[in-house]
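Work through the exercises below with the model open. Try each task before reading its solution.

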Amino acid sequence: MALSFALSDEQEQLRGTVRRFATQEVGPRARELNAAGQFPVDLFARMGELGLLGLPFPVEDGGSGADLLTFCLAVEEVGRVDQSLGITLESAVILGGMPLVRFGGEEQRRRWLPPLVRGERVAGFALTEPTGGTDAAGLRTRATLDGDEWVIDGGKAFIGNAGTPVTSHVAITAITGERDGRAEITSLLVPAGTPGFVVHERNRLVGWHAIDNRHLSFDGCRVPVGNQLGRRGRGLANFLSILDQGRVAIAALAVGLIQGCVDECVAHAGRRHAFGRPIGAHQAIAFKIADMQVAAQTARDATWRAAWMHDQGRPYRREASVAKLYATEAAVTAAREACQVFGGLGFTTDQPVGRFYQDAKVLEVGEGTSEVQRLLIARELGLPEPR
Ligand SMILES: Cc1cc2nc3c(=O)[nH]c(=O)nc-3n(C[C@H](O)[C@H](O)[C@H](O)COP(=O)(O)OP(=O)(O)OC[C@H]3O[C@@H](n4cnc5c(N)ncnc54)[C@H](O)[C@@H]3O)c2cc1C
């Protein structure tokens with residue numbers, strides 16, 4: 001299909017549905033949920049009811065068979081109102097369900113996927129370790145075969161959706177041997193509640209206050225050999241390819257944040273007066289908001305381009321990194337400027353812009369830092385590899 005910026009009727013409809021959900025059901029509760037620091041089980045289930053949690057999964061797996069671009073529209077709309085629920089949607093689908101869709105055997109997909117799609121359960125994706133996340137191949141977690149069980153020892157850090165009341169399992173990477181002088185890394189599914197699988201207290205984060213994020217430990221934790229996800233030795237490559245899709249969706253989340261800043265600032269700059277006129281009539285303020293809109297539109301274009309390339313089956317790694325890098329750095333700037341537009345009110349978490357300011361920073365870190373995106377783009381351009 002030729003490139004077109006016109007969304008299909010189905011995409012427009014979905015966008016409208018998610019916008020209504022976000023403004024009517026999420027927006028009025030965002031302040032309270034973030035203040036309470038709770039994973040919202042009911043809103044998560046509601047996303048299941050709306051079909052958002054299986055949007056890009058094949059119909060035969062209970063999904064809607066939509067493309068990545070359509071999923072990005074949903075993430076943007078939720079993220080425009082609340083970044084915590086936006087990242088929960090992104091991570092539940094791309095990090096929680098997608099590894100099963102792409103690498104799971106038929107029996108695994110039949111067993112684990114339907115409750116995830118319905119919003120009854122959620123799954124985690126555990127790659128990062130306490131000793132480092134960027135150097136994902138430098139992991140220490142090990143799994144050894146004992147009869148028909150894998151025995152896992154090690155730890156993971158900053159794992160989303162791993163300790164909610166509805167967590168079904170986490171997919172982890174572990175060293176399972178050695179191949180050609182290198183660590184053989186395999187992915188395994190560890191069900192919640194397995195003896196030896198310890199889920200620690202929620203991390204006290206700067207933003208994303210209504211998510212579930214924890215460190216995990218594995219101490220002689222046993223799972224059946226049937227819980228191996230994908231081929232032995234392909235665990236790291238499989239996880240990294242999931243992150244390519246995730247980067248596009250994180251870019252969409254950042255677009256939502258920037259657009260949310262525009263929405264809030266346009267309203268505030270029209271009603272707040274200083275020196276006898278609305279502050280939006282002062283060009284210093286109007287120009288900040290105009291710059292935010294430029295960022296929202298440019299970041300959205302980059303995101304849609306990356307998603308479209310993915311959906312066309314074309315190589316899209318460079319486009320994913322460009323979108324993620326641009327959108328997330330622009331989100332940090334937009335959130336800072338939005339707080340400035342709100343003056344003192346912008347430094348309160350009662351205001352969405354104050355929460356956006358807290359939430360923006362981590363967008364430059366999760367699913368590959370800005371430095372990693374620059375390294376990937378440089379590599380795609382054929383620049384010499386660092387030694
Ligand atoms: C809220 C939150 C949620 C998360 N959710 C998950 C999750 O669900 N699952 C999961 O597996 N992980 C998750 N993470 C972990 C996240 O992916 C890592 O924090 C991230 O990849 C960076 O790894 P690190 O924190 O170990 O930083 P480090 O790898 O220690 O990096 C520190 C700094 O050094 C830079 N750096 C490292 N190597 C290089 C290099 N070669 N060249 C240039 N700069 C370099 C990095 O860019 C960074 O700025 C989450 C993190 C947070 C904060």
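**Exercise 1. Find which domains give at least three residues each to the shell around the ligand.**

Solution. Start with the domain bounds, which come from an automatic or database domain assignment. They are domain 1 (9-122), domain 2 (124-233) and domain 3 (237-380). The shell draws at least three residues from each of domain 2 and domain 3.

This is a predicted model: local features need pLDDT of at least 70, side-chain atom pairs count only at pLDDT 80 or more, and totals for chains, interfaces and linings use all residues. Residues are numbered from 1 along each chain as its sequence is written.

Next, list the nearest residues. The shell holds 23 residues, and T128, G133, T134, T369 and E371 come nearest. A residue counts as near if its C-beta atom, placed from the backbone, lies within 6 Å of the molecule. Then look for the elements. Helix 4 (83-103), strand 1 (122-126), strand 3 (149-160) and helix 10 (370-380) each give two or more residues to the shell. Helices (H or I, at least four residues) and strands (E, at least two) are DSSP runs, numbered from the N terminus.

Finally, sort by class. The shell has 12 nonpolar, 9 polar and 2 charged residues. Here Ala, Val, Leu, Ile, Met, Phe, Trp, Tyr, Cys and Pro count as nonpolar, Asp, Glu, Lys and Arg as charged, and the others, Gly among them, as polar.

**Exercise 2. Describe the contact between domain 2 and domain 3.**

Solution. Take the centres over C-alpha atoms: 30 Å separate them. Now count contacts (C-beta atoms, placed from the backbone, within 7 Å). 9 residues of domain 2 are in contact with 9 residues of domain 3. The domain 2 side has 4 nonpolar, 5 polar and no charged residues.

**Exercise 3. Check the span of helix 6 and locate its bend.**

Solution. Helix 6 covers residues 235-271, 37 residues in total. The expected span is 1.5 Å times one less than the number of residues. That gives 54 Å, and the end C-alpha atoms are 54 Å apart, so the two agree. Helix 6 bends by about 25 degrees at Q245. The bend is the angle between axes fitted to the seven residues ending there and the seven starting there.

**Exercise 4. Is G51 buried, partly exposed or exposed?**

Solution. Apply the cut-offs: buried means 20 or more other C-beta atoms within 10 Å of the residue's own, exposed 12 or fewer, partly exposed in between, with C-beta atoms placed from the backbone. G51 has 18, so G51 is partly exposed. G51 lies in the loop between helix 2 (41-49) and helix 3 (68-79).

Technical notes: Contact = placed C-beta atoms within 7 Å.
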